[in-house]
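Q: Please take me through this structure and say what each label rests on. I would like the cut-offs along with the values.

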Amino acid sequence: MRILLIGYGKMGKTIEQMALSKGHQIAGTIDHTNAGTLANYTPENTDVAIEFTHPEAALGNISYCLKSGIPVVSGSTGWLDKFDEAKQLCEQNKGAFFYASNFSVGVNLFFHFNEYIAGKMQAYKEYHVSIREMHHLQKVDKPSGTGITTAEGILAHYPNLHGWVGDDDTQKDKLNIISEREPDVVGTHIVTYSSEVDKIELGHIAHSRAGFAEGAVMAAEWLKGRQGVYGMKDMLNL
Ligand SMILES: NC(=O)C1=CN([C@@H]2O[C@H](COP(=O)(O)OP(=O)(O)OC[C@H]3O[C@@H](n4cnc5c(N)ncnc54)[C@H](OP(=O)(O)O)[C@@H]3O)[C@@H](O)[C@H]2O)C=CC1
Ligand SMILES: O=C(O)C1=N[C@H](C(=O)O)C[C@H](O)C1
């Protein structure tokens, strides 16, 4: 497939290596320096776009692809308050849009187990549940998209918790997501259930960006010939 890489930073470059190793071609790469050239890409020269940019840039890039008829896979985080706009655009243009806050198969298994454990733990009121996410110093958004998806999986089972809050806030009836930033941490997410007497933890630690890149290329291949809005649960049958 001819893959357009929108965002050519840490993820764009890792995806490029993964896509080439699987026999795909790179239709082009977009970063700040050549953002205006996005308009040169059409379904005639591009089979699919993979978008990993920035919270401020994601919706514009996704909109361009959907309006132009280019199927688009996005992993950008920090913009999901506008997700419904992307969904509507996809429906209006009969397009193809695949979104995941985290493309690694391991994290999506973690999401699955997280929901199962939350369903069991909500009956045990002596345990206080919280989430901790750790990332590298360059990360611009917090909490992480993965941290928010993890929170949503827990909240679905905890009717007494009304939404999540970041670590700059503490409200008793909300689920706390604590964010830590340290040099070179690729991505770590830990769910903790803590009582007076013990602690239960479920965690995922990414050793590199290869898992994210592999999942994004897999999603681009899977999206071929499909129309609609999809996520990892659709692709992995989780
Ligand atoms: N879903 C998932 O599995 C994962 C998601 N992510 C998310 O992906 C995104 C990118 O992460 P990462 O690659 O580490 O970030 P980087 O900062 O390393 O790269 C971002 C890239 O986007 C480009 N960019 C930013 N703004 C614009 C714009 N307005 N127009 C065009 N290009 C732009 C940057 O260009 P320039 O360098 O010129 O500024 C750069 O090439 C983040 O939102 C991150 O949270 C990350 C890992 C996994
Ligand atoms: O910015 C990152 O690096 C990552 N971002 C994603 C997120 O916000 O969840 C996924 C992964 O944890 C790495």
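Q: What covers the buried residues of helix 5?
A: The cover includes helix 4 (105-121), strand 6 (128-135), strand 7 (164-165), strand 8 (175-181) and strand 9 (188-194). Contact here is a matter of C-beta atoms, placed from the backbone, lying within 7 Å of each other. Helices (H or I, at least four residues) and strands (E, at least two) are DSSP runs, numbered from the N terminus.

Q: What kind of model is this, and how are its parts numbered?
A: This is a predicted model, in which local features need pLDDT of at least 70 and side-chain atom pairs count only at pLDDT 80 or more, while totals for chains, interfaces and linings use all residues. Residues are numbered from 1 along each chain as its sequence is written, and chains are lettered from A and ligands numbered from 1 in the order in which they are written.

Q: Why is helix 5 called mostly covered?
A: Of the 11 residues in helix 5 (residues 145-155), 9 are buried. They are Gly145, Thr146, Gly147, Ile148, Thr149, Thr150, Ala151, Gly153 and Ile154. Buried means that 20 or more other C-beta atoms lie within 10 Å of the residue's own; 12 or fewer makes it exposed, and anything in between partly exposed, with C-beta atoms placed from the backbone.

Q: Why is Asn176 called buried?
A: Asn176 has 20 other C-beta atoms within 10 Å, so it is buried. This residue belongs to strand 8. Leaving aside neighbours within four places in sequence, Asn176 touches Ser130, Val165, Asp167 and Thr170.

Q: What makes Gly78 partly exposed?
A: Gly78 has 18 C-beta neighbours inside 10 Å, and therefore counts as partly exposed. Gly78 sits in the loop between strand 4 (72-74) and helix 3. Neighbours within four places in sequence aside, its contacts are Pro55, Val140, Asp141 and Gly145.

Q: Why do Lys94 and Asp184 count as exposed?
A: Lys94 counts as exposed because it has 10 C-beta neighbours inside 10 Å. Asp184 has 8 such neighbours inside 10 Å, so it also counts as exposed. Lys94 is in the loop between helix 3 (83-92) and strand 5 (96-99), and Asp184 is in the loop between strand 8 and strand 9. Phi is near 50° at Lys94, a positive value in a residue other than glycine. Asp184 is also a residue other than glycine with a positive phi, near 65°.

Q: Where is the cis peptide bond that involves Pro143?
A: The cis bond joins Lys142 and Pro143, with omega about -5°. Pro143 lies in the loop between strand 6 and helix 5.

Q: How do you know that ligand 2 lies between the domains?
A: Domain 1 (2-103 + 210-236) and domain 2 (105-205) both give residues to the shell around ligand 2, so it lies between them. The bounds come from an automatic or database domain assignment. The shell is made of Thr77, Ser101, Asn102, His135, Lys139, Ser144, Gly145, Thr146 and Gly187. To be in a shell, a residue must have its C-beta atom, placed from the backbone, within 6 Å of the molecule.

Q: What makes up the ligand 2 shell by class?
A: It has no nonpolar, 8 polar and 1 charged residues. Ala, Val, Leu, Ile, Met, Phe, Trp, Tyr, Cys and Pro count as nonpolar, Asp, Glu, Lys and Arg as charged, and the others, Gly among them, as polar.

Q: Which residues come nearest to ligand 1?
A: Gly9, Met11, His32, Ala57 and Gly75 come nearest, out of 24 residues around ligand 1. By class, this shell has 9 nonpolar, 13 polar and 2 charged residues. Helix 1 (residues 10-21) gives the most to it, with 3 residues.

Q: How far apart are domain 1 and domain 2?
A: Their C-alpha centres lie 27 Å apart. The contact takes 10 residues from domain 1 and 11 residues from domain 2.

How values were computed. Contact = placed C-beta atoms within 7 Å.
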